[in-house]
Amino acid sequence: MGEMFRTAFQRPVTKDYPFGAPQVAERFRGKLDIDPVKCTGCGVCEAVCPATVITMIPVGKRKVAGREIENKRPVFDLYTCISCGQCVDDCRFGALWLTHEFELATTDKNSLVMNKALKVVV
Amino acid sequence: MQYSPENMVPFGPVHPALKEPEYFKLILEGEKIVEVIPRIGYVHRGIERAAQDRTWIKNVYLFERICGICSFAHSIAYTQAIENLLQFEIPRRARYIRLIIAELERIHSHLLWLGLVGYWTGFDTLFMWIWKDREHVLDLVETITGNRIHKSYSTISGVRRDLPDNIGEPLRKEMKYIEERSEYYKSLVSSEETLVIRTRGIGRINQDIVRKLCPVGPLLRCTGIARDVRVEDPYAAYDEIIPDVKTSNDGDIASLLLLRIEEVKESCRLVLEAFEKIPSGPVKLTAPRSVPKGEAIFHVEAPRGELFYFVRSPGGTIPDRVKIRTPTMANLLTATEMLKGHTLADVPVVLTGMDPCFGCMDRVSIVELDKSKQWAIRGEELRQFGIDWYKQRRSKT
Amino acid sequence: MNALQIAEILLFPGLTFFVWLAFVFDWLDRKTSARMQGRVGPLLAGPHGILQPVADFFKLTSKEEIIPEYADKFVFLWGPPLFFAAPAVGTIFLPVAGLNALVFDPYDLLFILFLLAFSTLMAAMLGYASAGRYSTIAIGRLVVQYTSFEVPLIISIITPAVLAGSLSVEGIVVAQSHYWYILFAPISFAVFIIATLAELEKPPFDIPSAKTEIVAGWMTEFSARSLAYVKLTKNLSYVFLSALAVSLFLGGPSGPVLTQASTLQNLLYLIYFLVKLFAVGFGIFAIRTSLARIRIEQAASLFWTILTPLSLLQLGIVIFLR
């Protein structure tokens, strides 16, 4: 009973969000982001994604070991992404990382498609 | 048992007392319950079938989403089963980190249940206070793993990331805080008169019922039988940091309350001990994509009891069969047995005394067709079966 | 009855005033129990959320009314206004602003007891008219609870009547101008408060509308306008019973008389009344926040075996001392 009165006079625990700033930990896994320059189109991210977010799209051709093969880059359907970070762990080139952004609700699915890797093709 | 609509009260599937939907038919005489008939299958999601389409590493994320509260237990059971198949020896540091997170999860799960006991007995204040303290644990988990519930932290050859550098100070502070608050809650549940009369002597089970119906986890330990997978078959780092198995003796809900509070305190001690003794080294190795042919089983002590995984690999990148037996499945019949002879007012408290996680349990719904012995049933056939069944039922009543 | 009296009954300090007090009590209840639990309670509707109960009321009236198929439509629709009438009529007998109540009758305490029984009867009828499984269980519990707490409640109400030698609320208030009856009959006051918790279905006695067991008890099937009135009536009963406690045991609006001017005097009386009312209210909020819900047979045994003898004992002491 005494606990009750003590709690009554302390500040309540409710956080102020959305009227205040959201507080997330440093390792919080939010929206995915890519650095298109580092991406080489190896396709490992597509193979390991549990939510089939990533599709490799052909963007041209390149020469590898004397043969001409398709050059691919990833397109991310981020509305399906579960922010697990497996692609981040498995990308050898460090092109992917998870930001702290989490306010992703939208009425337009296409606004959550990330295709900026298609634009930078080496 | 024969019953008529007058003395059958449906509890669920959707009910304020249950977090997840399950249907219990309570057969009453007046306000006294004489039989409970459960029907499960309301949260069946086809996870075992979905696992057969995904590669080994993708399945880690599938299985951790079976349950929010014991998510990490599923995660480590699956990854350790595969590590057995691969015959890997994961780094020692990874084993210690797995222990720390598993115990943190046990604390959060028990605190969740304790708060919900307050909610189910109408004691909202206890509910709010305990969940306020649980936030401390969840914030700690978020600092370490990046997310509060679906931790995505264990991977096939260890853990994905190391602990943050300055985690020692907050860890010690929070564990000490949780220990103090557990002491306070222990005195509260023993002395708060209205809570005591709601929980003492309710749902009493004894060792005969236990031998007949084989419950697992805290439900088993509250009758005085000290069995715990962490001690009998150690995994992660439990062979070096040995938990002290707590029991309580009365077999009723009040003793379940005390038992879980004791387990919370024990988990705090284990976390601190593991953190002091943690060895340095790598936290994961590179795992191959394909797993050799074979079968592996693994069981862990999830917060609710013994969680059991069976994995069969055909020698490729995709599993052939994964079977999961969750603790709630084992406890369900014991809980319905606990209810007999009590009144309707005790139903929420007793049914949830086993800390049910129907989301975990329901994946194990077994489909039997007596016409053709199929293992899987097609979606369209299932839908047609459902339509026919309801049509038949409506024409009967 | 002239126009002024009608205005007084309808507006101040009669019906509208008490309905406003009912909203304030609901807000205070939610806010204090939230603060004691470490939450914020209502926050956004009006400053500090004070308009939240009003917002709830209007939101409910704007929803679609769903009547169950087998329900008794007449009782279902016309029951809630009658249910509302019970405490509403009771409030006109309580002195609020001034030592005289709006309507005086030498036996109005008995009428108030009838109104309490009537409101429980209406609750049972509303549950019965809902024809739902949960409502049926709830009515059983409601009737058991009512019969259990009625006897201690009546005895603890009769005690101040015996002390004052009058069976009207106004008479009891006037007789307390020197000493408040809580000093003479503290056990009755405690029993009255506990019985109030049972009447209002607040923890530890919210058995007939136990949220996690029988969904919402006898209120389960009500949806829009009916639910708004039912909730308003529950809050009004809250205020009414607290005001009754204040009038019977704490001297109603009486207090130190500081001026002789009649309007200022009445204002002072009003202030004293409100202060005491909120004090009793806070006491009830604190008790309700700190206890769990008990079972119906435990509640029944509590009332019959402990509270009834205690209140009889108090009555005996009072008669002896007079």
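Which residues does B:Ile297 touch, not counting residues up to four places away in sequence? In this predicted model, the partners are B:Ala81, B:Phe308, B:Tyr309 and B:Phe310. B:Ile297 sits in strand β6 of chain B, which covers residues 294–302. The residue counts as partly exposed, because 13 C-beta neighbours lie inside 10 Å and burial would require 20 or more. B:Leu111 is 186 residues from B:Ile297 along the chain. The C-alpha atoms of these two residues are separated by 30 Å.

Chain B as a whole was examined next. Its secondary structure comprises 15 helices and eight strands. For 397 residues, a compact globule would have a radius of gyration near 21 Å. Chain B has 22 Å, so the value agrees with that expectation. Along the principal axes, the C-alpha atoms of chain B fill a box of roughly 65 × 60 × 35 Å. Buried residues account for 50% of the 397 residues in chain B. Contacts in chain B with a separation of 6 or more were also classified by sequence distance. Of these, 70% involve residues 24 or more positions apart.

Chain B also meets chain C. In this interface, 22 residues of chain B are in contact with 23 residues of chain C. Two helices of chain C, α6 (133–164) and α11 (296–321), each supply at least two residues of the side that touches chain B. By class, that side of chain C has ten nonpolar, six polar and seven charged residues.

Helix α6 of chain C also packs within its own chain. Its partner is helix α8 of chain C, residues 186–199. The axes of α6(C) and α8(C) come within 9 Å. They cross at roughly 145 degrees, and the crossing is left-handed. On the α6(C) side, the contact involves C:Gln145, C:Phe149, C:Pro152, C:Leu153, C:Ser156 and C:Thr159. These meet C:Ser188, C:Val191, C:Phe192, C:Ala195, C:Ala198 and C:Glu199 of α8(C). The contact has seven nonpolar, four polar and one charged residues.

C:Thr136 also lies in α6 of chain C. With 16 other C-beta atoms within 10 Å, C:Thr136 is partly exposed, because a buried residue needs 20 or more. C:Ala124 is twelve residues from C:Thr136 along the chain, and their C-alpha atoms are separated by 9.1 Å.

A further helix of chain C, α9, covers residues 225–249. At 1.5 Å a residue, its 25 residues should span 36 Å. Helix α9(C) is mostly covered, with 23 of its 25 residues buried. Just after α9(C), C:Gly251 takes a positive phi of about 85 degrees.

Chain A has three helices and five strands. Their order from the N terminus is α-β-α-β-β-α-β-β. Of the 122 residues in chain A, 20% are buried. Contacts in chain A between residues at least 6 apart in sequence were treated separately. Among these, 70% join residues at least 24 apart.

How values were computed: Residues are numbered from 1 along each chain as its sequence is written. Chains are lettered from A and ligands numbered from 1 in the order in which they are written. This is a predicted model: local features need pLDDT of at least 70, side-chain atom pairs count only at pLDDT 80 or more; totals for chains, interfaces and linings use all residues. Helices (H or I, at least four residues) and strands (E, at least two) are DSSP runs, numbered from the N terminus. A residue is buried if 20 or more other C-beta atoms lie within 10 Å of its own, exposed if 12 or fewer, and partly exposed in between; C-beta atoms are placed from the backbone. Two residues are in contact if their C-beta atoms, placed from the backbone, lie within 7 Å. Ala, Val, Leu, Ile, Met, Phe, Trp, Tyr, Cys and Pro count as nonpolar, Asp, Glu, Lys and Arg as charged, and the others, Gly among them, as polar. The expected span of a helix is 1.5 Å times one less than its number of residues. Axes are lines fitted to C-alpha atoms, for helices over the stretch in contact, and angles run from 0 to 180 degrees between N-to-C directions. A crossing is left-handed if the near helix is turned anticlockwise from the far one by less than a right angle, and right-handed if clockwise. The radius of gyration is taken over C-alpha atoms; the globule rule is 2.2 Å times the number of residues to the power 0.38.
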